[in-house]
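Take the model below and follow its strands, then the surroundings of its ligand, and finally the confidence of the prediction.

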Amino acid sequence: MYTKCVRVFPIRLLRTTPLFKKEMSSPSSSSDTEDSVVSAAKKPKFTVVDVDGWQKRWTERKIGFHQEAVHPYWEKYMDNILDNRENTNIFFPLCGKSVDIKWLSDKGHNVVGVECSAMALEEFFEEQKVEYTKETAEEVKGSLFQSKDGKIKLYCCDIYDFNKDVAGQFDVIWDRASLVAINRSDRVKYTDLLKGLMKPECCLALVTLEYDETKYAGPPHNVSEDQVMELYDKTHSVKLVETLDGLKERHKNWGISALEEKLYLIRKI
Ligand SMILES: C[S@@+](CC[C@H](N)C(=O)[O-])C[C@H]1O[C@@H](n2cnc3c(N)ncnc32)[C@H](O)[C@@H]1O
């Protein structure tokens, strides 16, 4: 009987309380309602940020997530992520002004990104010294910033207005600080969107953060291994490739004492 029970309710599901309870706070503010992820005594209040809130963060220079150097996982795992393919099409959801975009473009790859802040995209092209054009893109209810050589296309819009009809499907998706940035109640919607952008042989490189979510309201939000599995493992293979100690001085202001950064490589089964 016990064995039968375990089959029906895998241990990781038994350990996991509801993950996708809708946040009930107003945009850009901390929730004042209790989330059921942990007990009532702890009361985590997950912050909800809408597109306006993110644009404000850019104008107020609250962009501690931005990294000036190419992410070390690219140097270390490039062959695994790209499967040694050349001239691939790579998608950056919620791209900010990531320097990885230019680095990959310089290596011959085509990069498409989506970002809601026009300021971020202007800064990307100016700081990377890439000539660009800007045009209206009605298909995403926004605009398209494009390098003159056409290898970098960054759409300025809400990610939920983007889909495979806009720029096709991709060989690689690089999700760093993106799943962790979106509102917790949007995780399934966001993941379904990414799944629809994957070619059959696509590799999705997902970089998450893990910390004690009872201490900090996010974003970035804690995304546990169980949560990644919940989102992907029925339809995809999920491989945890590396775990790094990601705790920096600024994270201590969040009231946490440990933070791990994890890289998963996710492929269609
Ligand atoms: C935490 S940052 C990460 C940026 C980038 N991935 C990086 O590694 O630097 C999240 C970015 O997503 C953008 N963003 C948030 N919600 C968005 C949405 N619904 N649609 C498009 N962009 C969004 C924000 O403006 C912000 O630049």
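In β2 (110-115), Gly113 is the bridge partner of Phe92. Residues are numbered from 1 along each chain as its sequence is written.

Strand β1 (residues 89-92) runs parallel to β2, and four bridges join the two; strands pair if DSSP finds at least two bridges between them. Together with helix α5 (residues 99-106), β1 and β2 form a β-α-β unit that is right-handed: with the strands pointing away from the viewer, the path from the first strand over the helix to the second runs clockwise. β1 also pairs with strand β6 (residues 170-176), again in the parallel sense, over two bridges. There, Ile173 of β6 stands opposite Phe91.

The ligand is surrounded by 19 residues, and the closest are Trp54, Leu94, Gly96, Cys116 and Ala177. A residue is near a molecule if its C-beta atom, placed from the backbone, lies within 6 Å of it. Both α3 (51-59) and β2 supply at least two residues of this shell. By class, the shell has eleven nonpolar, five polar and three charged residues. Ala, Val, Leu, Ile, Met, Phe, Trp, Tyr, Cys and Pro count as nonpolar, Asp, Glu, Lys and Arg as charged, and the others, Gly among them, as polar.

The protein has a mean pLDDT (the predictor's confidence in each residue, from 0 to 100) of 87, with 84% of its residues at 70 or more.

Conventions. Predicted model: local features only at pLDDT ≥ 70, side-chain atom pairs only at ≥ 80, totals over all residues.
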